[in-house]
Amino acid sequence: MTASSSHPQRVSPLLWLTVVVLITINLRPFLSAPGPLGPVIQAATGMDLRAFSWLTLLPMVLMGLGGWLAPSALQRLGARQAIVGSLILVALGCALRIAGANSAVLIATAGLCGAGVALVQSILPGLIKRQSPHNVPFMMGLYSAALMGGGAFGAQLSPLAIQWGLSWQASLAMWAVPVAIALPLAWYALSRIGLPTPSSIPSTIASAKNTPPASSDTAWLMRRRRTWLLVLSFGLMNGGYASTVAWLAPFYQTHGWTATQSGSLVAILSIAQAASALAMPALAARSADRRLWLILALLLQAVGFALMALWPTAAPTLSIVILGIGLGGCFSLYMLVALDHLPSPTQAGALNSLMQGGGFILAALAPWIVAQLQQLSGSWTVGWLYQAGVAALVCLMVAQFNPKHYAREMRQP
């Protein structure tokens, strides 16, 4: 079977696992690295909190837009070209931060990285369901854990790089190196796996339950109420991650923590996220109904944010671990729930892309909202309590994700 086949080849599971981790681990360091360096960057560039929030807001908006464009890009370019081309954009965005002596350059490079990440993270979940149809919970957990692990590297190593003698620009730009190393390996591995090509995707989509070609496939999903419920709830939930990436380190630096110490706290958060992202889908795999696990993850988020707001210095590591478990588990479970809704890998991948698309646009607003609340109130407490309330609200939305109703909710025209 050739690489252009409309069905996945039976390749080594180790090869597929390796390429998923290799690609995914490079998708978050650019986002998590600036937070711990916030005071240094603000002092050098003159950025206030609202301007600094754009380093998270802009890439997440572009991630969202990329989610909407991913099905079309996959049809036009094929999986290998879309993923590798996007990784090149991430590497370029990171590398250009060496010239990031002003806010405009930093924000532009954040946008370039976000544009690259957008297609990769929107395409991979559908490919995972296609390539690993009998092992989706584990693979989605691994995918989510690699995302969070990459975030941990960015938050921990960039502050350390400054201690080792690099400039703050170089400590941000160094994340181009692992992407550049991954590029040829990703190209080789993806060429060995039977991934969709431009010529194979329309026929694949049309063969699944006699649906029309790719553009119509996305169009009918957008007319389903469940699609928009997934978008809204995922966006609100993921806003908690965006806020912590942007403001956790600056928040604790107001309590006297150094850049390295606060970066370590962000790394602990990311490690807890990664562990939970890997464990919760495996635990939830015992039942097709993932709601109890999602609600548990959301409640842990609410507790973590409340502890940060009300008792930030009492037991910060415990609070951050609780929050990280909630954030990581919720993200990976949402990826799984979106894929659960449809049996066709192509259709499920399109739904996942749409969920991430609209969701990341909504999530991008969260750091800006928290910055506004901080500016208005003079305290971070209100912003963290806002995020706790959002997590509780999403619990009500999650209660509607009954797998017995998936077929009815996603019935095709």
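## Lining of the second largest cavity

The residues that line the second largest cavity divide by class into six nonpolar, two polar and one charged. The model described here is a predicted one. The lining consists of Arg28, Leu147, Met148, Asn238, Tyr241, Gln273, Leu327, Phe331 and Phe360. Helix 7 (136-163), helix 12 (225-253) and helix 15 (316-340) are the elements that each give two or more residues to this lining.

The volume of the second largest cavity is about 60 Å³. In total, two cavities of 30 Å³ or more are counted in the model. Rolling a probe the size of a water molecule over the atoms shows where empty space is left.

## Helix 7 and helix 15

Two of the helices named above also pack against each other. The axes of helix 7 and helix 15 approach to within 9 Å, and their crossing angle is roughly 140 degrees. Because of this angle, helix 7 is oblique to helix 15. The crossing of helix 7 with helix 15 is right-handed.

On the side of helix 7, the contact is formed by Val136, Pro137, Met140, Tyr143, Ser144, Leu147 and Met148, which meet Gly328, Phe331, Ser332, Met335, Leu336 and Leu339 of helix 15. By class, the residues of this contact are 10 nonpolar, three polar and no charged. Leu147, Met148 and Phe331 take part in this contact and are also among the residues lining the second largest cavity.

## Helix 6 and helix 16

Helix 6 (residues 103-131) packs with helix 16 (residues 345-377) at an angle of about 155 degrees, and their axes are 8 Å apart. Helix 6 is therefore roughly antiparallel to helix 16. This crossing, too, is described as right-handed.

From helix 6, the residues Gln121, Ser122, Pro125, Gly126, Lys129 and Arg130 meet Pro345, Ala348, Gly349, Asn352, Ser353, Gln356 and Phe360 in helix 16. The contact between helix 6 and helix 16 comprises four nonpolar, seven polar and two charged residues. Phe360, a member of this contact, also belongs to the lining of the second largest cavity.

## Helix 4 and helix 6

Helix 6 has a further packing partner in helix 4 (residues 49-77): the angle between helix 4 and helix 6 is about 35 degrees, with the axes 6 Å apart. Helix 4 passes helix 6 in a crossing that is right-handed. The residues of the contact between helix 4 and helix 6 are 19 nonpolar and six polar, with no charged residues.

Definitions and conventions. Residues numbered from 1 in each chain as written. Predicted model: local features only at pLDDT ≥ 70, side-chain atom pairs only at ≥ 80, totals over all residues. Heavy atoms only, no water. 1 Å grid on protein atoms, 1.4 Å probe; cavity = no way out; pocket = protein on both sides within 12 Å on 5 of 7 lines; lining within 4 Å. Points joined across faces, edges and corners; volume = space filled by probe spheres on them. Helix = DSSP H or I, 4+ residues; strand = E, 2+ residues; numbered from the N terminus. Nonpolar A, V, L, I, M, F, W, Y, C, P; charged D, E, K, R; others polar. Axes fitted to C-alpha atoms, helices over the stretch in contact; angles between N-to-C directions. Parallel < 35°, antiparallel > 145°, perpendicular 65-115°, else oblique. Left-handed = near helix turned anticlockwise from the far one by under 90°. Contact = heavy atoms within 4.5 Å.
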